[in-house]
Amino acid sequence: MVSAALSDSDFLHASTNASAKLLVTGAFGVGKTTLIGAVSEIKPLRTEQRMTEASVGVDDIRGRPGKTHTTVAMDFGRLTLHHQHVALYLFGTPGQDRFEKMWFELTRGALGALVLVDTRFLDAAFDVVGALEDQDIPYAVAVNTFPDARRYPADDIRGALDLEPRTPLVECDARDRSSSIKALIALIEHLVTLPPRPEHS
């Protein structure tokens with residue numbers, strides 16, 4: 001027996017005729033869970049656990065004194081765009097190296113990725129960007145504008161991350177629904193300009 005009541009937003013609109021799996025990824029503590037929670041039209045699935053003494057010396061929480069939970073498997077949410085015609089299934093990845101196997105499992109079938117970065121720890125994005133390129137997964141980069149983070153010119157960030165000219169780079173506030181949706185739209189617009197990717201057997 002199902003005890004939880006379902007709302008209308010839990011079901012796809014009848015006009016939905018396309019869907020895409022997208023990753024929301026990035027290093028530890030960049031706002032992936034927050035962004036999915038801000039944009040999802042369904043109650044997001046979260047696998048957060050309280051950080052314990054076991055994470056001391058493993059998870060770098062410098063600059064994040066209020067962070068008490070971390071994603072240990074994935075986050076999941078859904079957003080429909082273009083008058084309910086396109087459903088985006090959003091998979092948030094864990095940010096720690098010890099969940100690398102789960103990260104690679106989540107990349108299966110993903111059309112693209114939105115990489116969240118924090119300018120206070122920009123070097124933490126290198127491994128994520130490199131892994132996406134190794135997997136041949138196209139991506140856009142969104143700078144999450146933390147209140148105490150320094151703002152840098154886009155060209156400086158592009159240079160620091162060695163981004164290709166065609167890779168979208170936008171700013172967003174992961175707490176804000178409209179801002180986060182615009183970042184996802186930048187990724188979608190980038191994906192539709194790319195040639196079809198060959199299917200792997």
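Helices here are DSSP runs of H or I with at least four residues, strands are E runs of at least two, and both are numbered from the N terminus. With that in hand, α5 gives the largest share of the lining of the largest pocket, 4 residues. This is a predicted model, so to speak for local features pLDDT must be at least 70, and side-chain atom pairs count only at pLDDT 80 or more, while totals for chains, interfaces and linings use all residues. Residues are numbered from 1 along each chain as its sequence is written, and side-chain values use heavy atoms, leaving out hydrogens and water.

**The pocket**
- Five residues lie nearest the centre of the largest pocket: L111, D136, I137, P138 and R197.
- Its lining splits into 19 nonpolar, 8 polar and 9 charged residues; Ala, Val, Leu, Ile, Met, Phe, Trp, Tyr, Cys and Pro count as nonpolar, Asp, Glu, Lys and Arg as charged, and the others, Gly among them, as polar.

**Helix α1 against α5**
- The axes of α1 and α5 (residues 177-192) sit 9 Å apart at an angle of about 105°; axes are lines fitted to C-alpha atoms over the stretch in contact, and angles run from 0 to 180 degrees between N-to-C directions.
- That makes the pair roughly perpendicular, a label for 65 to 115 degrees.
- L35, A38 and V39 of α1 meet R177, S180, I181 and L184 of α5, contact being heavy atoms within 4.5 Å.

**Around A27**
- A27 sits in the loop between β1 (18-26) and α1 (32-39).
- A27 counts as buried because its relative accessibility is 11%, and buried means under 20% (1.4 Å probe, protein chains only).

Definitions and conventions
Buried means under 20% relative accessible area, exposed over 50%, partly exposed in between (1.4 Å probe, protein chains only). Angles under 35 degrees count as roughly parallel, over 145 as roughly antiparallel, 65 to 115 as roughly perpendicular and the rest as oblique. On a 1 Å grid over the protein atoms alone, a cavity is a set of points where a 1.4 Å probe fits but cannot get out, and a pocket is an open set with protein on both sides within 12 Å along at least five of seven lines; lining residues have an atom within 4 Å of a point.
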